[in-house]
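Me: I would like to go through the charged residues of this protein. Could we take them one at a time?
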Amino acid sequence: RRQIFLLLGLLLVAWETTRGQLRYSVPEEMPKGSFVGDVAKDLGFQILELSDRGMRILNKGRTQYFALHGKTGHLVTAERIDREQLCRMVEKCVLRCELIVEGQMQVYGIEVEITDINDNAPSFRETQKDLRLSETTAPGSRFPLAEAHDPDSGRNSLQRYELSGDEHFSLAVQAGPGGDQRPELVLAKALDREEAAFHELLLRAMDGGDPARTGTARIRVTVLDANDNAPVFSQAEYTVRVPEDVPVGSTLVTVMAKDTDEGLNGQVKYSIHKTSDRASELFYLDSETGEITVKEDLDFEEISSHELEVQAHDGGELSDIAKVVITVTDVNDNVPKISVRSALNEISEDVPPETVVALLHVQDRDSGANGDVHCSLGGDVPFRLEKSFDDYY
């Protein structure tokens, strides 16, 4: 009888990982402790079973975004979640975690979609733009304006622009290659410096929320005398590939534009017309030479591609825009990490074969061949290693 009880006890601790996937969604910015999903109910567990099963949540990444309420089996938020901070430039924001059921030694994957709320208003990087235009500028001429940025998604993101001012100017909005809206100031009526030396305009950017949020930028137009040639870049798009371990201070690419005018009207200077906040921290553009250099260490695992729009402008404020694409390539700079998610402290010498004794997790943050991990057991031991769920063995 004692041997029978011992065998039954061993069978209870013998465990296997099973494939499973739970999916939930929750709005961003919910307070800590907000309900996400009833994990126990969805897995068919009774409330009285929860303490015996020993369930716990493992969040992928450094931050603990979700926790399991031990008494109810509810998945709740462990932190206030900012969708725009977590999923910049990603349409669908999904966080993943894992549920470990120690009593049965099972693991379940959990996906939580973070849905957007209209918590950001469109904003301009520069709220004041000064334009200097010749009074001989032909009606119909167009001048690119700074685009507004709204980190929200869908209808809550930037939807339209409006311009108010006077009859000399109107607004046109062009569609960029990625579907973004690019506002342009259009000269609708010939300028006359003797009639008006300055024009004050207001550009509004609005999102589609209810109620809508609005950002504004003021445009001051100074009327001058003539500059009839704009700078022209040597190419419309510059592309460069660079390893993530490139030294800080390295020159990645040099953009170049020429202006056939003479004097001040032919002197070209460069500036960043559009970029992400992170790219502005990583790269430096020399306004005189057009050299783009590295300001901070690059990290392929953080961001693998950067896009910048560089503007070349002369002394008369005529300009051209070129796109710069910087692709960061992976370097094998991360070592594989092995962690024990769960393990038996001891087993009997007559434990049946196929009994699982430990649940291991391996991860390498590199990509491609640099991130492929091969696991094996060393030495002559009476165990074998078997892959179970994703990166679990």
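Me: Is Glu200 buried, partly exposed or exposed?
Reply: This is a predicted model. In it, Glu200 is partly exposed, with a relative accessible area of 44%.

Me: Which side chain does Glu200 meet in a salt bridge?
Reply: Glu200 pairs with Arg220, at 2.3 Å from N to O. The two residues are 20 residues apart, Arg220 in strand β16 (residues 214-224) and Glu200 in strand β15. Arg220 counts as partly exposed, at 29% relative accessibility.

Me: How many salt bridges does the structure hold?
Reply: There are 20 salt bridges. One of them joins Asp180 to Lys274, with the closest N and O atoms 3.0 Å apart. That pair links distant parts of the chain, 94 residues apart: Asp180 is in the loop between β13 (169-175) and β14, and Lys274 is in strand β21 (residues 269-274).

Me: Which residues are linked with Asp180 and Lys274 in a network of salt bridges?
Reply: The network also includes Glu147, Arg182 and Glu309.

Me: Changing topic, what about Arg83: where is it?
Reply: Arg83 is in helix α4 (residues 83-86). Arg83 is buried yet has no salt bridge, and the nearest side chain of opposite charge, Glu84, is 4.3 Å away.

Me: What does the side chain of Arg83 reach at 2.6 Å?
Reply: It reaches the backbone oxygen of Glu91.

Me: And which residues form the negative surface patch?
Reply: Asp192, Glu194, Glu195 and Asp225 form it. Of these, Asp192 is in the loop between β14 (181-187) and β15 (198-207), and at 32% relative accessibility Asp192 counts as partly exposed.

Key:
Residues numbered from 1 in each chain as written. Predicted model: local features only at pLDDT ≥ 70, side-chain atom pairs only at ≥ 80, totals over all residues. Heavy atoms only, no water. Patch = residues over 30% accessible without salt bridge, like charges linked within 9 Å, V, L, I, M, F, W, Y side chains within 5 Å. Areas by Shrake-Rupley, 256 points an atom, 1.4 Å probe, with all protein chains shown as cover. Salt bridge = Lys/Arg side-chain N within 4 Å of Asp/Glu carboxyl O. Lys, Arg positive; Asp, Glu negative; His and termini not counted. Charge placed at Lys NZ, Arg CZ, Asp CG, Glu CD. Helix = DSSP H or I, 4+ residues; strand = E, 2+ residues; numbered from the N terminus. Buried < 20%, exposed > 50% of the residue type's maximum accessible area, 1.4 Å probe, protein only. Polar contact = N/O pair within 3.5 Å; in protein donor to acceptor, adjacent residues only side chain to side chain.
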